[in-house]
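Good morning, and thank you for coming. I would like to take you through one protein model this morning. Please have the display in view as I speak.

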Amino acid sequence: MSRAAPVERQRSPALRSASADAVAAAADVLRSGGLVAFATETVYGLGADATQDEAVAKIFQAKGRPHFNPLIVHVASLEEAGRYAEFSPEARALAAAFWPGPLTLVVPLRDDAGLSRLVTAGLRTVALRVPAHATALALLAAAGRPLAAPSANRSGRVSPTTARHVLADLADGIDLILDSGPCPAGIESTIVDAGARPPRLLRPGAIPRESIEAITGPLSTPCDHFQLVAPGMMKSHYAPRARLRLDAVCPQPGEAYLAFGPDAPAWPLSLNLSPAGDLEEAAANLYAHLRALDAQGASTIAVAPIPGKGLGEAINDRLRRAASPRSGTP
Ligand code: TXA
Ligand code: MG
């Protein structure tokens with residue numbers, strides 16, 4: 001008699017629409033130490049229970065992420081955040097103004113936080129945020145745990161704004177992907193070091209600098225040699241396969257073109273971030289358009305100039321990083 005074949009490790013994760021049942025199943029996966037990809041208002045995150053070392057280790061493994069690069073911890077409320085970190089009056093004011101929402105605060109870690117040390121990469125600070133997306137909030141409520149969740153892409157690659165992007169990048173090692181459709185903001189959260197005087201903008205993101213400065217006054221910005229304070233902000237990041245040529249008013253023969261605004265030249269291989277010239281629309285489309293043009297196989301994507309104000313700061317930041325020379329595999 002032949003015996004049943006040994007159960008093979010499942011290579012391809014389940015992709016489920018984010019119904020109440022699927023969220024409940026995802027919460028079980030998380031509590032038992034598995035990985036779940038889920039939508040936030042910014043990009044899809046790859047979540048694990050932030051209190052379990054082994055679960056958090058799986059995130060680094062699945063993404064190919066260096067262990068010195070700490071993770072953002074997603075929590076259900078400011079009150080819960082207070083269990084893991086110290087909030088100065090200024091940090092509290094920022095949280096009150098922008099949570100739930102795409103602001104990540106770097107704040108001093110409490111000694112009794114109980115978070116895995118892998119999450120913070122041994123730092124004495126922790127990056128916390130309360131997401132606004134209904135799926136993320138439902139999952140946090142159902143799991144009842146803080147969720148460590150970096151963007152659900154392979155380390156150094158373009159962040160995912162749909163469940164299909166996650167599947168394309170990271171099929172191996174994830175237990176479940178909750179599909180909630182495209183992420184509304186499409187660009188990562190703004191990260192502020194709330195412990196610095198004045199507070200420091202570590203990563204421009206979905207909340208424009210100007211909105212934060214309306215509360216804090218002028219933010220400082222780290223220079224490149226200070227990058228260890230935001231270890232993930234390496235120069236070459238968010239990279240598609242193709243080379244990027246920035247501030248390109250006219251594409252050249254053979255190039256794909258990432259256009260912006262109503263006056264874009266007609267071009268055969270081209271996508272427009274926002275024909276109306278709207279920066280919110282451009283942010284929402286940025287990663288999906290980069291992926292789509294990349295998939296066409298052009299060796300260079302020429303990118304139209306994008307204004308630098310408001311969300312333009314984050315868009316230009318990601319484009320500059322995507323255009324930086326990179327080492328390693330293409
Ligand atoms: O919108 C977002 O922020 C998404 C969604 C899923 O929430 N998450 C995200 O995570 O972009 P990730 O891991 O791709 O980027 C987090 C950044 C990294 O650059 C990391 O170095 C930085 O946050 N970071 C995390 N903890 C930190 C800390 N204690 N101090 C300074 N930077 C920190
Ligand atoms: Mg990321």
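In which loop does Pro-198 lie? Pro-198 is found in the loop between strand 9 and strand 10. Please bear in mind throughout that this model is predicted.

The peptide bond that leads from Arg-197 into Pro-198 is cis, with omega near -10 degrees. Another cis bond runs from Trp-99 to Pro-100, and there omega is near -5 degrees. Pro-100 sits in the loop between helix 4 and strand 5. For those new to backbone geometry, most residues other than glycine have a negative phi, and most peptide bonds are trans.

Let us stay with Arg-197 for a moment. Arg-197 belongs to the loop that joins strand 9, residues 190–193, to strand 10, residues 200–203. Is Arg-197 buried or exposed? Arg-197 counts as exposed because its relative accessible area is 57%, and the cut-off for that word is over 50%. Setting aside neighbours within four places in sequence, Arg-197 is in contact with Ser-88 and Glu-90. With Glu-90 there is a polar contact of 3.1 Å between the two side chains.

I turn now to the backbone angle phi. Ala-121 is not a glycine, yet its phi is positive, at about 50 degrees. Ala-121 is placed in the loop between helix 5, residues 117–120, and strand 6, and its relative accessibility of 28% makes it partly exposed. Asp-247, also not a glycine, has a positive phi of about 55 degrees. This residue, Asp-247, lies in the loop between strand 11 and strand 12, and Asp-247 is exposed, at 55% relative accessible area.

Finally, the interior. In soluble globular proteins, nonpolar side chains tend to be buried together. How many residues does the largest nonpolar core have here? The largest core has 47 residues, and those with the most contacts inside it include Phe-87, Trp-99 and Val-107. Among the elements that give two or more residues to this core are strand 3, helix 4 and strand 5. Helix 2 provides the largest share, five residues. Apart from this core lies another, of 32 residues, with Tyr-257 and Leu-311 among them.

To close, I would ask you to return to Val-107: beyond its neighbours within four places in sequence, its contacts include Phe-87, Leu-128 and Ala-194. Thank you for your attention.

How values were computed:
Residues numbered from 1 in each chain as written. Chains lettered and ligands numbered in written order. Predicted model: local features only at pLDDT ≥ 70, side-chain atom pairs only at ≥ 80, totals over all residues. Heavy atoms only, no water. Helix = DSSP H or I, 4+ residues; strand = E, 2+ residues; numbered from the N terminus. Buried < 20%, exposed > 50% of the residue type's maximum accessible area, 1.4 Å probe, protein only. Contact = heavy atoms within 4.5 Å. Polar contact = N/O pair within 3.5 Å; in protein donor to acceptor, adjacent residues only side chain to side chain. Core = buried A, V, L, I, M, F, W, Y, C linked by side-chain atoms within 4.5 Å.
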